[in-house]
Amino acid sequence: MQRRELLVAAATIALATATMPVFAKGPYPNRPIRFIVPAGPGGITDVLVRVFGQEMSEAWGQPVIVENKAGGGGIIASLELLKAPADGYTLTLGILSHVINPMIMREVPFDFDRDFVPVAMMARVSNVISVHPSVPAHDLQELVALIKANPGKYSYGSSGNGQSTHLAGELFKHFAGVDMTHIPYKGSAPAMADALGGQIPVLIDSVLTTAPQARAGKLRALAVTGPNRSPALPDVPTVAEAGFPGYEASGWIGLIVRAGTPREIVGKLATEIARIAKLPEVQQRLSEAGADLFTNSPEEFASYIHSERLKWAPVVKRANMQSD
């Protein structure tokens with residue numbers, strides 16, 4: 001009797017195994033991947049994810065579904081990731097705001113180091129310091145002279161408190177020894193609209209959004225905040241080149257997964273990110289959009305995030321930054 005029960009149990013297990021979905025077998029990935037973007041459609045973060053997602057899909061033969069979950073400096077997208085299993089099938093991005101949020105918010109609903117695993121950096125993103133054509137400054141030195149000669153007159157707009165655009169502005173104020181009032185907007189679009197209309201004299205925004213307006217003569221691009229000139233604005237110097245050596249303020253974008261994701265999956269994702277970043281067509285497309293592709297290992301990415309905390313903590317404190 002006991003032997004018969006064992007045979008029935010074995011047959012039941014075999015039948016259940018045979019009828020399991022196909023994606024439960026085989027190596028990762030064997031079903032669709034969901035990629036949550038902590039930004040709205042059309043921006044550099046969204047463009048980067050869609051380019052990388054397409055390459056991943058073609059290489060792995062699985063759909064990569066992109067979902068935009070903007071808001072809270074990456075918090076909404078991060079919380080969405082924490083609802084999913086730690087199996088590598090739901091991904092999101094680590095961004096500079098993850099470093100800044102704990103410095104400017106009373107409470108963040110997760111612990112980045114505890115709840116997430118850095119996989120690989122994907123890109124550093126430069127912003128552009130630009131002015132409305134009515135501003136009589138044709139380079140950064142002239143802008144600094146104007147600001148110093150007119151205390152309290154000049155302000156600059158950014159895409160929001162604690163965003164890379166805000167940080168770039170505060171770091172520039174420190175390097176140049178000037179005082180400008182910060183005007184935070186709820187995103188790039190309203191900031192750009194007011195800059196084009198002349199409501200704000202100075203704008204700090206991404207290369208992707210600024211370059212077309214600069215080429216059309218609607219804004220005057222004075223300097224790029226990152227370490228290198230942008231192919232989209234090859235004649236525009238970096239802030240360091242424009243007379244402020246040592247200045248560098250870049251946003252960054254990197255892949256993260258839930259803590260507890262198997263190490264072999266983390267490694268496979270990191271290898272795939274590195275492969276895609278080396279593709280010439282990917283480099284060209286994203287560099288024109290203002291992204292400097294830059295990848296590293298999970299350990300190096302974690303170390304980079306730590307270094308960013310050390311870099312920006314005094315800037316946040318000096319500017320007395322607070323969340324909206």
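In the predicted model, helix H12 buries Pro298, Phe301, Tyr304, Ile305, Glu308, Trp312, Val315 and Val316. An α-helix has 3.6 residues a turn, so residues three or four places apart point the same way. The buried residues of H12 pack against several elements. Among them are four helices, H4 (96–104), H5 (112–115), H7 (164–176) and H10 (263–277). Strands E4 (116–131) and E9 (250–258) also take part in this packing.

H12 covers residues 298–319, 22 residues in total. From first C-alpha to last, the helix reaches 31 Å, close to the 32 Å expected at 1.5 Å a residue. A kink of about 35° is located at Trp312, shortly before the proline Pro314. Trp312 is also one of the buried residues of the helix. Asn320 follows H12 and has a positive phi, near 55°.

Aromatic pairing was examined next. The structure contains nine aromatic pairs. Phe110 and Phe116 form an edge-to-face pair, because their ring planes stand at 90°, with the centres 5.2 Å apart. Both partners are buried: Phe110 has a relative accessible area of 11%, and Phe116 has a relative accessibility of 3%. Trp252 and Tyr304 form another edge-to-face pair, at 6.0 Å centre to centre and 85° between the planes. Trp252 belongs to strand E9 and Tyr304 to helix H12, so this pair ties together parts that are 52 residues apart in sequence. Trp252 is buried at 2% relative accessible area. Tyr304 is buried at 17%, since the cut-off for burial is under 20%. Elsewhere, ring pairs join Phe172, Phe175, Phe244 and Tyr247 in a cluster.

Two arginines lie over aromatic faces. Arg31 is placed over Tyr89, 3.8 Å from the ring centre. Arg124 is placed over Phe294, 4.1 Å from the ring centre.

Lys173 is part of helix H7. With 13% relative accessibility, this lysine counts as buried. Beyond its neighbours within four places in sequence, Lys173 contacts Tyr156, Val178, Asp179 and Met180. A polar side-chain atom of Lys173 lies 3.0 Å from the backbone oxygen of Met180. Between Lys173 and Glu142, the separation is 31 residues in sequence and 14 Å in space, C-alpha to C-alpha.

Thr238 sits in the loop between strand E8 (220–224) and E9. Its relative accessibility is 3%, so Thr238 counts as buried.

Technical notes. Residues numbered from 1 in each chain as written. Predicted model: local features only at pLDDT ≥ 70, side-chain atom pairs only at ≥ 80, totals over all residues. Heavy atoms only, no water. Helix = DSSP H or I, 4+ residues; strand = E, 2+ residues; numbered from the N terminus. Expected span 1.5 Å × (residues − 1). Bend = angle between axes of the 7 residues up to and from the residue. Buried < 20%, exposed > 50% of the residue type's maximum accessible area, 1.4 Å probe, protein only. Contact = heavy atoms within 4.5 Å. Polar contact = N/O pair within 3.5 Å; in protein donor to acceptor, adjacent residues only side chain to side chain. Phe/Tyr/Trp six-rings, centres within 6.5 Å; stacked < 30°, edge-to-face > 60°. Lys NZ or Arg CZ within 6 Å of the ring centre and 35° of its normal.
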